[in-house]
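Reader: I would like to go through this model term by term. Please set each value against its definition.

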Amino acid sequence: MSEMANTDPEGIDAVRMTWNVWPRTKVEASKCVIPLAATIAPIRPHPDIPTLPYAPLRCRTCSAALNAFARVDFVAKIWICPFCYQRNHFPPHYAMISETNLPCELYPQYTTVQYTLQPDPNNPSSAPQLPPVFVFVLDTCMIEEELEFVKSAMKQAIGLLPENALVGFVSFGTQAHVHELGFSDMSKVYVFRGNKEITKEQVLEQLGLGAAGRRPTAGYPKGLQNGFTNTGVNRFLLPASDCEFTLNSLLDELQTDQWPVQAGHRASRCTGVALSVAAGLLGACLPGTGARIVALVGGPCTEGPGTIVSKDLSEPVRSHKDLDKDAAPYFKKAVKFYDGLAKQLVSQGHVLDLFASALDQVGVAEMKVAVERTGGLVVLAESFGHSVFKDSFKRVFKDGEQTLGLCFNGTLEINCSKDIKIQGVIGPCTSLEKKGPNVADTVIGEGNTTAWKMCGLDKSTCFTVLFDVSSTDKSNAPGVANPQLYLQFLTSYQDPEGKTMLRVTTVTRQWVDSAVSSEVS
């Protein structure tokens, strides 16, 4: 049994295929009951993956990275791309290459390699090393005991964050409050009405982070505080080591929502506005900053955009039956709102995590689109004092063996051999609508693209990619020229330390002739 446990069918590549030999034609592929697909855990750690301190060489036609399956002419210093057969010249710094002096990415055992991408000092738009950002969004419409539990968990989390991680804080009830942590002399708060939808521009304007305040600082000047342009965003987002005391004092003073609740009514809770405000605040960060909105919610949204139920307690929260019968009056409007929020977060590259503790529903059915598309986490418990919440919350921030290895702002690109088409990806990602010859007409999951955005991913994040074969004629079939097919997965992301990494996994499988396959069967 222990021997079986040690077997790792995915190996260094963390890729598993439904078929290890592929049919050559569309007709043959249509006879496969199980679709042509691959599951990949794009950043799963493995001790044998080498990390290289330079950027990969890319094919000038199809942009595939140099890999162990490329044919190399050592005399002419040329490599032939296995995907498009383009002949590419090695740059001067590869001049010493020979059969006995290979770069790491050409070693046959290194089908997966990882590159550390350095910021280019001559290119202001290249990503500098930025600290991760965490904006905590706390619901105050809960009983005193629950609020104490959640405050204690938050204090512990802030203590576990890396010292350079930036922290922001938004609390909400009937209204949403953005706390200016940089103003430590006294508690300073910006208040947003909870019953009105608010745009990103309005949020930035109200917080004094609008375009007018940002105009003077183009590019990426040297000696910037926290890696931000001096837009004043560092009034709201401070390094954990600088604001831990301020935030702990603020949490000690924080009370439950003081807005009166009528008898027979639910508390007025503006979850949608609070999340919009947090997303708007993060919109002031430099592009490429990895950030998470950590929402701690104690009940359903009853106020403003994203409302899922009225305040009147005589009206129950929608059930599965109501959703089936289309009898949930707030559902479609709330989903539309969270769909818009998801698009904003994806364009910014930021994640929404939801920690909900309540005896009744809190509206995850409506909110899930924003969590799924950004690769966020959802934890549901009955109370913030319950071990399900406390242990899960601690694990998000904890370092060491049990860490989740949360990474930010990822992009997955896929290259494949001619005649292989990508139908789509199933998993926590969003299509970047990057068209190309390898895009299939049939869409499954997030399709119509060869690139996907993964705002948040961790070492166990897994995607399933579905493929199709486009060749209809055997004489034209790709296997005639080359019996091998190739797939390449390129995953770029920001690791927990803020470094930009690129992992390249290239795998090969065999085309099989239908005559051969019928003999085998």
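Author: Ala37 stands opposite Leu466 in β21. This is a predicted model, in which local features need pLDDT of at least 70, side-chain atom pairs count only at pLDDT 80 or more, and totals for chains, interfaces and linings use all residues. Residues are numbered from 1 along each chain as its sequence is written, and side-chain values use heavy atoms, with hydrogens and water left out.

Reader: What joins strand β1 to strand β3?

Author: Three bridges, between strand β1 (residues 15-17) and strand β3 (residues 37-40), in the antiparallel sense. Arg16 stands opposite Thr39 in β3.

Reader: What makes β1 and β18 the edges of their sheet?

Author: The open sheet has four strands in the order β1-β3-β21-β18, with antiparallel pairing. β1 and β18 (420-426) each have a single partner strand, so one side of each is left without a neighbour in the sheet. From one strand to the next the twist averages 25°.

Reader: What does the UniProt annotation say about residues 56-94?

Author: The unreviewed UniProt entry gives "domain: Zinc finger Sec23/Sec24-type" for residues 56-94; such annotations may be inferred rather than shown by experiment. In the model, that span is 0% helix and 23% strand, and its end C-alpha atoms lie 12 Å apart.

Reader: Why is α7 called roughly parallel to α9?

Author: The axes of helix α7 (residues 271-282) and helix α9 (residues 331-348) come within 10 Å and cross at roughly 15°. That makes α7 roughly parallel to α9, because angles under 35 degrees count as roughly parallel, over 145 as roughly antiparallel, 65 to 115 as roughly perpendicular and the rest as oblique. The axes are lines fitted to C-alpha atoms over the stretch in contact, and angles run from 0 to 180 degrees between N-to-C directions.

Reader: Which residues meet between α7 and α9?

Author: Thr271, Gly272, Leu275, Ser276, Ala279, Gly280 and Leu282 in α7 meet Phe337, Tyr338, Leu341, Gln344, Leu345 and Gln348 in α9, where contact means heavy atoms within 4.5 Å. The residues of this contact are seven nonpolar, six polar and no charged.

Reader: How do α9 and helix α10 pack?

Author: Helix α10 (residues 364-374) packs on α9 at an angle of about 15°, with the axes 8 Å apart. α9 and α10 are therefore roughly parallel to each other. Their contact includes Tyr338 and Leu345 of α9 and Met367 and Arg373 of α10. By class, the contact has eleven nonpolar, one polar and four charged residues.

Conventions: Helix = DSSP H or I, 4+ residues; strand = E, 2+ residues; numbered from the N terminus. Nonpolar A, V, L, I, M, F, W, Y, C, P; charged D, E, K, R; others polar. Pairing = 2+ DSSP bridges.
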